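Hello,

Here is the structure we talked about. Please have it open while you read the notes below.

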Amino acid sequence: MNRVHIKTYGCQMNERDSEAVAAMLRARGYRIVASEDDCDVLLLNTCSVRDAAEQKAIGKAANIAHRKRRQPDFVLGILGCMAQNRGAELLDKLPDVDLIVGTQKFHQVPDYLESIRAAKAAGVPLATSIVDIAEEAGSQNTIRDHVLSQDVAAEATTDGVVDAAPQVSAFVSIQQGCNMDCAFCIVPKTRGDERSRPMDDIVAECRALAARGVREVTLLGQIVTSYGRRDYVHTDGISPFVQLLERVSAIEGIARIRFTSPHPRGFKQDLVEAYGRMPKLCGYVHLPMQSGSNRILKAMNRPYTRERYWEIVEALRAVRPDMYFSTDIIVGFPGETDEDFEHTRELFERANYDMAYVFKYSIRSGTPAAAMGDQIPDEVKETRNATLLGLLQQNSVRRNATLIGTVEEVLVEGPDKTGKKFTGRTRGNRVCIFDANPRLIGQLISLKIDRASVSTLYGEIVLAGVEA
Ligand code: 5AD
């Protein structure tokens with residue numbers, strides 16, 4: 001009766017939130033299970049950034065709700081962004097949902113589950129579903145506990161199941177919320193105001209992860225480049241975010257640092273220079289462009305121009321010539337003309353992205369863009385989307401081709417899907433597949449690349465344990 005399955009939609013922040021909920025539930029004696037079919041509690045951790053993401057989770061909840069008829073004790077909960085965005089209104093469509101918990105209340109999930117389950121066990125189910133989407137001061141500090149795969153493996157081994165690989169890469173939440181008010185974006189509503197965690201707590205968490213074998217951390221927040229701007233001062237022109245990078249960089253055992261998502265506005269000289277002096281900072285930057293048209297950027301309330309964006313790309317390439325770039329683009333923002341899109345296409349091509357997330361604009365009720373005239377027809381969005389994806393595919397093939405014959409530093413993560421080979425990623429975040437042995441998990445190896453598909457590199461180890 002204590003098996004919980006958590007299904008996560010959306011971004012890495014949501015994955016991290018789910019992990020923290022899983023850690024809290026495990027500490028209360030629940031088992032986190034991989035199967036949605038064999039669980040007693042199903043929690044959907046949801047995304048609101050586009051309508052399609054909400055519809056997916058609503059469809060799933062509607063499909064699952066009928067299970068309650070054959071499994072009366074079954075508990076169904078909706079957590080996260082859609083819970084925050086829609087609140088109790090979700091119950092009109094989904095009356096069988098027991099629990100609706102917003103983005104500042106994840107830490108309350110164990111207590112709420114206890115009340116629901118105790119009431120069901122006593123034969124007097126709660127009269128109404130629990131809905132909690134209130135704001136809570138300090139809630140950004142509650143996303144701190146991890147369940148690493150070795151914990152799950154240790155539990156599985158006591159059940160007689162074979163061991164899993166130790167986890168070498170982990171997400172660390174540093175900041176929640178966003179105050180930027182981009183005209184298209186629901187996140188300020190779903191995630192609230194910008195709130196940063198104390199630097200000491202983040203560093204302590206990274207140290208603890210390193211002590212448990214984690215080698216790579218990805219620092220997460222909706223706008224990480226604004227980290228600590230209200231809580232810490234700049235020292236010698238160094239922003240709080242770069243100060244944090246410096247401190248994480250100094251942790252022994254951590255070999256690689258990544259972060260997401262930054263805002264172009266945050267790429268000042270101090271962050272650009274950080275790439276020159278912090279070798280642990282991976283040469284892969286996610287730099288959301290959204291549009292390459294100055295007119296549309298202005299309408300989006302994005303405070304930079306295409307010229308400034310390009311300046312950042314060039315500055316970063318000057319410091320790290322082999323820098324990898326990814327981006328987010330929205331096509332079909334209200335009023336986007338062929339000429340605007342051509343500006344986006346041109347900058348997209350010039351920036352030569354290694355990875356990109358291209359989104360068709362989706363109306364989010366309550367945001368300024370939802371009320372703008374000149375909404376763009378779906379077919380136009382589709383064509384523009386396909387154009388950019390075509391370019392991306394060409395870039396990826398071209399970049400991978402240049403890697404054939406080179407030697408890349410790869411962090412070995414564990415067995416691949418087949419279980420016969422091993423997988424890891426380069427500093428540029430390219431997935432590699434190769435022969436290795438379990439002793440190399442968590443180590444940096446030199447991999448000679450001999451073959452590539454669109455998204456994956458294949459190679460042979462030439463040197464194991466190439467620690468800096
Ligand atoms: N429609 C389409 N894409 C959106 N994004 C945010 N809001 C919308 C929307 N209304 C995209 C942006 C953002 C990414 C996480 O999602 O590109 O960077």
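**Helix α9**

In α9, the buried residues are Met199, Ile202, Val203, Glu205, Cys206, Leu209 and Ala210. Seen down the axis of α9, these buried residues fall within an arc of 160°, so they line one face of the helix. Their cover includes α1 (12-27), β7 (169-173), β10 (216-220) and α10 (240-249). Bear in mind that this is a predicted model.

The length of α9 checks out. The helix has 13 residues, 199-211, and at 1.5 Å a residue it should span 18 Å. Its end C-alpha atoms are 18 Å apart, which agrees. Glycine 213 follows α9, with a positive phi near 100°.

**The ligand**

Which residues surround the ligand? They are Val49, Arg50, Phe184, Gln290, Asp328, Ile330, Phe359, Lys360, Tyr361, Ser362 and Arg364. Two strands, β13 (324-331) and β14 (355-360), each supply at least two residues of this shell.

- Arginine 50: a side-chain N or O atom is 3.3 Å from an oxygen atom of the ligand.
- Phenylalanine 184: a backbone N or O atom is 3.0 Å from a nitrogen atom of the ligand.
- Glutamine 290: a polar side-chain atom is 2.7 Å from an oxygen atom of the ligand.

On its own, the ligand exposes 400 Å². The protein buries 86% of that.

**Aspartate 354**

Aspartate 354 sits in the loop between α14 (338-351) and β14. Is it buried or exposed? Aspartate 354 has a relative accessible area of 3%, so it counts as buried, the cut-off being under 20%. Leaving aside residues up to four places away in sequence, aspartate 354 touches Met323, Tyr324, Phe325, Leu392, Ser396, Arg399 and Arg430.

**Helix α15**

Leu392 and Ser396, which aspartate 354 touches, are among the buried residues of α15. What covers the buried residues of α15 includes β13, α14, β14, β15 (407-415), β18 (444-452) and β19 (456-463). Strands β13 and β14 also supply residues to the shell around the ligand.

Just after α15 comes glycine 405, with a positive phi of about 95°.

Best wishes

Methods:
Residues numbered from 1 in each chain as written. Predicted model: local features only at pLDDT ≥ 70, side-chain atom pairs only at ≥ 80, totals over all residues. Heavy atoms only, no water. Helix = DSSP H or I, 4+ residues; strand = E, 2+ residues; numbered from the N terminus. Expected span 1.5 Å × (residues − 1). Buried < 20%, exposed > 50% of the residue type's maximum accessible area, 1.4 Å probe, protein only. Arc of directions from axis to C-beta. Contact = heavy atoms within 4.5 Å. Near = heavy atom within 4 Å. Polar contact = N/O pair within 3.5 Å; in protein donor to acceptor, adjacent residues only side chain to side chain. Areas by Shrake-Rupley, 256 points an atom, 1.4 Å probe, with all protein chains shown as cover.
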